[in-house]
Amino acid sequence: MNNAANLVAVIPAAGVGSRMQADCPKQYLTIDAQPVLWHSVMKVLAHPQVTRAVVAVSATDPYIADIQWPTDKPVDLVHGGKERADSVLAGIRHAIEQCNADWVLVHDAARPCLRAADLSQLIATTLNANQGGILAVPVRDTMKRATGSRQIAQTVDRNALWHAQTPQMFPAVLLADALTQALAAGATVTDEASAIEWLGQQPLLVEGHADNIKITHPEDLALARFYLTQELS
Ligand SMILES: Nc1ccn([C@@H]2O[C@H](COP(=O)(O)OP(=O)(O)OP(=O)(O)O)[C@@H](O)[C@H]2O)c(=O)n1
Ligand SMILES: C[C@](O)(CO)[C@H](O)COP(=O)(O)O
């Protein structure tokens, strides 16, 4: 049991949100008069075992300074990088070197609908197992692999397929080393677990809920607003 672990949240928030087609990066679009980023940060800081947050923002971000954080927990800022993985690694290095983090909980700024119960389940499961893991949901649709001309090449067995979400939680130094090595090797790293898998390890899957959406396309904002009004626990 690692309940004394120093667990630090790392929030990648340095993206431009190109798929959202909005007039500002999607993490700064507002829900209930607060930025999407604000909701995501406050959701993870609400857990008593999360000691602080490290938010990775663009070096030219003109918005972050205006955000007020209604918490006694520190919210540190670092500069993100070209890709999401670069931003995450910058945050983890700060969490280790400046915050003495033992574990890091990486959560997309674009996922404001995280349920408190799912966050608690992820933290408890990974600390009890002393093994990293991710929130995920099983695939519910029939899955198709496409040809280059958008025709169906084949149906893919969905029985073992899951949608990876965030938070993704790992020992801090392990994840920093995995990301550093995987990126240096030119591996494709679209989430933290894929860097750990690159090392040959098999992170835990902790079942969450499909409403923990990543705001990505224009239609996602209205859905996120709806979910947040439901006050899902
Ligand atoms: N260089 C980057 C790219 C993305 N992110 C963050 O990673 C999360 C998930 O990435 P994604 O949904 O792809 O965000 P964007 O890259 O901004 O979106 P797009 O691909 O549509 O531009 C977001 O909170 C985003 O701000 C980041 O911190 N640094
Ligand atoms: C980390 C993630 O949210 C897990 O599904 C996803 O990989 C992020 O992908 P993106 O293209 O950077 O949004």
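Hi everyone, let's start with a helix: α4, residues 172-184, lies across strands β6 (103-106) and β10, and runs at about 120° to β10. Please keep in mind that what we are looking at is a predicted model.

Now, the sheet itself. Which strands form it, and in what order? Seven of them make up an open sheet, going β5-β4-β1-β6-β10-β7-β11, with mixed pairing. At the edges stand β5 (75-79) and β11 (204-207); each has a single partner strand, so one side of each is left without a neighbour in the sheet. From one strand to the next, the twist averages 30°.

Strand β7, residues 133-138, runs parallel to β11, and four bridges join the two. Ala136, for instance, has Glu207 in β11 as its bridge partner. Helix α3, residues 116-129, packs on the sheet here, touching β7, β10 and β11, and its direction makes about 150° with that of β11.

Next, a hairpin. Strand β8, residues 143-146, pairs with β9 in the antiparallel sense over four bridges, and Met143 has Val156 in β9 as its bridge partner. Five residues sit between the strands of this hairpin, where Arg150 takes a positive phi near 55°. Why does β9 lie largely in the open? Of its five residues, 152-156, the number buried is zero.

Finally, ligand 2. Around it we find Arg84, Asp108, Ala164, Gln165, Thr166, Thr190, Asp191 and Lys214. By class, that shell has four charged, three polar and one nonpolar residue. Strand β10, residues 162-171, gives the largest share of the shell, three residues.

Technical notes
Residues are numbered from 1 along each chain as its sequence is written. Chains are lettered from A and ligands numbered from 1 in the order in which they are written. This is a predicted model: local features need pLDDT of at least 70, side-chain atom pairs count only at pLDDT 80 or more; totals for chains, interfaces and linings use all residues. A residue is near a molecule or strand if its C-beta atom, placed from the backbone, lies within 6 Å of it. Ala, Val, Leu, Ile, Met, Phe, Trp, Tyr, Cys and Pro count as nonpolar, Asp, Glu, Lys and Arg as charged, and the others, Gly among them, as polar. A residue is buried if 20 or more other C-beta atoms lie within 10 Å of its own, exposed if 12 or fewer, and partly exposed in between; C-beta atoms are placed from the backbone. Two strands pair if DSSP finds at least two bridges between them. Axes are lines fitted to C-alpha atoms, for helices over the stretch in contact, and angles run from 0 to 180 degrees between N-to-C directions. Two residues are in contact if their C-beta atoms, placed from the backbone, lie within 7 Å.
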